[in-house]
Amino acid sequence: MDTLVFSLVLFAAFTHASWNYFSKKVSGNFTVFWYGLFFVNSILLIYTTYFFITNGTGSIYWPPIIISAIVHGSYYFCILYTYSKEDISSIYPIARGTGVIGTALVSYFFLKETISPFAAYGISIVCLGILLISLSKIKNKGRSIKPYFFAVLTGVFIVMYAVTDKIGVQHMHPIVYISLVDLIATVALARAANKNGFSESIKIIKKYFKETLIIGIGSTGTYLIILFAMRFERASYIFSVRESSIVIASIMGFIFLKEKPTLFKIIGIASITAGLILIKLG
């Protein structure tokens with residue numbers, strides 16, 4: 001894997017873990033997330049408008065945009081719901097891990113991406129680490145399985161948008177592509193984000209203004225990096241390396257949210273780190 005692409009994806013892993021941490025910190029508040037996304041997309045639309053003025057609208061490839069907008073909207077609902085119910089150090093690994101496995105399989109069988117033996121072994125080690133982290137919570141009896149079901153469903157949506165967006169950015173500029181995807185998603189979800197009225201939403205945003213900005217910039221900025229990277233590297237590699245965010249998010253949960261580190265989680269983090277090294281070598 002190219003060093004520059006690898007470094008960019010690692011940076012994206014950090015920013016991804018950060019915005020998810022702040023989403024958990026506000027207990028998955030959908031209004032906070034929506035306004036963060038709306039704010040950043042308003043800025044991106046300025047560039048998109050300029051792009052269309054100078055290049056025309058003939059380059060728009062609507063099928064992946066529409067599919068991705070629907071899938072991203074579903075992904076947002078699922079991940080934020082899980083953060084309202086469970087620890088980030090439990091939910092995040094399950095969701096992202098499902099995405100790693102699914103993206104690797106779909107990329108291999110449908111996008112015809114080749115995977116070297118080193119990288120294949122690395123992806124397997126990453127998945128093992130994710131499983132170990134997840135087991136530390138799932139093994140506790142008496143817990144509702146509903147958040148874990150939605151975590152797995154989140155992973156399924158990750159696979160769907162990863163493959164769709166890999167195709168989309170081959171036909172369109174990444175900034176234009178993601179701004180149109182987010183435009184459709186935010187318009188469709190506007191009512192849900194303001195279900196208690198606009199004035200109540202403004203009160204929430206004033207209270208969590210810092211978190212709103214971090215979540216908006218982090219979620220969109222992170223994915224822009226990934227979209228640019230997908231123009232030069234295989235989706236299965238990118239999404240596996242990106243899951244180093246699992247380690248970062250878990251550590252944030254331990255330190256800042258006082259979530260309990262367990263032996264399974266510690267071994268899992270070490271396993272993910274080893275897997276990432278193998279992917280880089282592959």
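Analyst: One term before we start. Contact means heavy atoms within 4.5 Å. By that cut-off, residues 24 or more positions apart account for 89% of the contacts with a separation of 6 or more in the protein chain. Also keep in mind that this is a predicted model.

User: Ok. How many helices and strands are there in the chain?

Analyst: Twelve helices and zero strands. Along the sequence the pattern reads α-α-α-α-α-α-α-α-α-α-α-α. The radius of gyration is 18 Å, close to the 19 Å that the globule rule gives for 282 residues, so the chain is as compact as a globular protein of that length.

User: What box do the C-alpha atoms fill?

Analyst: Roughly 55 × 45 × 25 Å, taken along the principal axes.

User: And what share of the residues is buried?

Analyst: Buried residues are 55% of the 282. The accessible surface comes to about 12500 Å². Carbon and sulfur atoms hold 71% of that surface.

User: Let's go inside. How many cavities of 30 Å³ or more turn up?

Analyst: A search of the whole structure finds one. About 100 Å³ of space lies in that largest cavity. It is lined by 13 residues, and the closest to its centre are His72, Tyr75, Tyr76, Ser219 and Tyr223.

User: Which helices supply at least two residues of that lining?

Analyst: Four helices do: α1 (3–25), α3 (62–83), α7 (174–193) and α9 (209–229). By type, the cavity lining splits into seven nonpolar, four polar and two charged residues.

User: Which element gives the most?

Analyst: That is α8, with three residues. The pocket lining divides into five nonpolar, six polar and two charged residues.

User: Switching to single residues. Where is Arg96, and is it buried or exposed?

Analyst: Arg96 is in helix α4. Its relative accessible area is 2%, under the 20% cut-off, so Arg96 counts as buried.

User: What does Arg96 touch?

Analyst: Leaving out residues up to four places away in sequence, Arg96 touches His16, Tyr75, Ile158, Tyr161, Phe239, Arg242, Glu243 and Ile246. Tyr75 is also one of the residues closest to the centre of the largest cavity. Val156 is 60 residues from Arg96 along the chain, and their C-alpha atoms are separated by 9.4 Å.

User: What about Thr186?

Analyst: Thr186 is found in helix α7. It is buried, at 4% relative accessibility. Beyond four places in sequence, Thr186 touches Trp34, Leu37 and Phe38.

User: I'm curious about the loop between α1 and α2. What is the phi of Ser27 there?

Analyst: Near 60°, a positive value in a residue other than glycine. Most residues other than glycine have a negative phi. Ser27 lies in the loop between α1 and α2 (30–55). It is partly exposed, with a relative accessible area of 45%.

User: And Gly28: buried or exposed?

Analyst: Buried, with a relative accessible area of 11%. Gly28 also sits in the loop between α1 and α2. It touches Ser23, Leu80 and Tyr83, not counting residues up to four places away in sequence.

User: Last one. Where is Ile115?

Analyst: Ile115 is in the loop between α4 (88–109) and α5 (117–138). It is partly exposed, at 25% relative accessible area.

User: Which residues is Ile115 in contact with?

Analyst: Setting aside neighbours within four places in sequence, they are Ala104, Tyr108, Ala120, Ile123, Ser236 and Tyr237. Gly73 is 42 residues from Ile115 along the chain, and the C-alpha atoms of the two are separated by 30 Å.

How values were computed. Residues numbered from 1 in each chain as written. Predicted model: local features only at pLDDT ≥ 70, side-chain atom pairs only at ≥ 80, totals over all residues. Heavy atoms only, no water. Buried < 20%, exposed > 50% of the residue type's maximum accessible area, 1.4 Å probe, protein only. 1 Å grid on protein atoms, 1.4 Å probe; cavity = no way out; pocket = protein on both sides within 12 Å on 5 of 7 lines; lining within 4 Å. Points joined across faces, edges and corners; volume = space filled by probe spheres on them. Nonpolar A, V, L, I, M, F, W, Y, C, P; charged D, E, K, R; others polar. Rg over C-alpha atoms; globule rule 2.2 N^0.38 Å. Areas by Shrake-Rupley, 256 points an atom, 1.4 Å probe, with all protein chains shown as cover.
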